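Please look at the sequence and the structure below, and then read the short report that follows.

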Amino acid sequence: MTLFHQLPQGIQENILYTLEDLVEKYHTDNKPLFEQRLALLNKPIRKTVTIEQLATEQNYKGFDNEKANKIIKDLALEEPIEELLKTLTK
């Protein structure tokens, strides 16, 4: 969807019209099969979600301090990281 939204409006409309035509033709030719597959796509929306659930679903690994420190060390920065961060926030 992100790529779709980056396309010019005219191309987006052409894609949507083409998809609409394909779905309509498929629906007309295969109505029982279409309805069966559509039912498979219809999933209920959760009323609540926790951070833990999202982290598990998205396979979130967390922030690796050791890896970040190694990258900083490999960059051979001569200034303290705090000073560099201050310049970025100005």
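Glutamine 12 is found in helix H2, which covers residues 9–29; helices (H or I, at least four residues) and strands (E, at least two) are DSSP runs, numbered from the N terminus. With a relative accessible area of 10%, glutamine 12 is buried, where buried means under 20% relative accessible area, exposed means over 50%, and partly exposed lies in between, using a 1.4 Å probe and protein chains only. Leaving aside residues up to four places away in sequence, glutamine 12 touches Phe4, His5, Gln6 and Leu7, a contact being heavy atoms within 4.5 Å.

This is a predicted model, in which local features need pLDDT of at least 70 and side-chain atom pairs count only at pLDDT 80 or more, while totals for chains, interfaces and linings use all residues. Residues are numbered from 1 along each chain as its sequence is written, and side-chain values use heavy atoms, with hydrogens and water left out.

Leu7, Ile11, Ile15, Leu16, Leu19 and Leu22 make a nonpolar surface patch of about 500 Å². Patches are made of residues with over 30% relative accessible area and no salt bridge, with like charges joined within 9 Å and nonpolar side chains (Val, Leu, Ile, Met, Phe, Trp, Tyr) within 5 Å. Leucine 22 lies in helix H2, and it counts as exposed because its relative accessibility is 53%.

## Salt bridges

A salt bridge is a side-chain nitrogen of Lys or Arg within 4 Å of a carboxyl oxygen of Asp or Glu, and by this rule the count comes to three. Glutamate 57 forms a salt bridge with arginine 46, and their closest N and O atoms are 2.4 Å apart. This pair links distant parts of the chain, since glutamate 57 is in helix H4 and arginine 46 is in the loop between helix H3 (31–41) and H4, eleven residues apart. Glutamate 57 counts as partly exposed at 48% relative accessibility, and arginine 46 is partly exposed with a relative accessible area of 45%.

Lysine 70 and aspartate 74 also meet through their side chains in a salt bridge, at 3.0 Å from N to O. Both residues lie in helix H5, four residues apart, which is about one turn of the helix, and both lysine 70 and aspartate 74 are exposed. In helix H6 (residues 81–89), glutamate 83 and lysine 86 lie three residues apart, about one turn of the helix, and their side chains meet in a salt bridge of 3.8 Å, N to O. Glutamate 83 counts as partly exposed at 36% relative accessibility, while lysine 86 is partly exposed with a relative accessible area of 48%.

## An asparagine with a positive phi

Most residues other than glycine have a negative phi. Asparagine 59, although not a glycine, has a positive phi of about 55°. Asparagine 59 lies in the loop between helix H4 (51–57) and helix H5 (65–74), and it is exposed, with a relative accessible area of 52%.

## The chain as a whole

The protein chain has six helices and zero strands. Its radius of gyration is 25 Å, whereas a compact globule of 90 residues would have one near 12 Å; the radius is taken over C-alpha atoms, and the globule rule is 2.2 Å times the number of residues to the power 0.38. The C-alpha atoms fill a box of roughly 70 × 35 × 25 Å, taken along the principal axes. Of the 90 residues of the protein chain, 4% count as buried.

How values were computed:
Accessible areas come from the Shrake-Rupley method with a 1.4 Å probe; for residues, only the protein chains shown count as cover.
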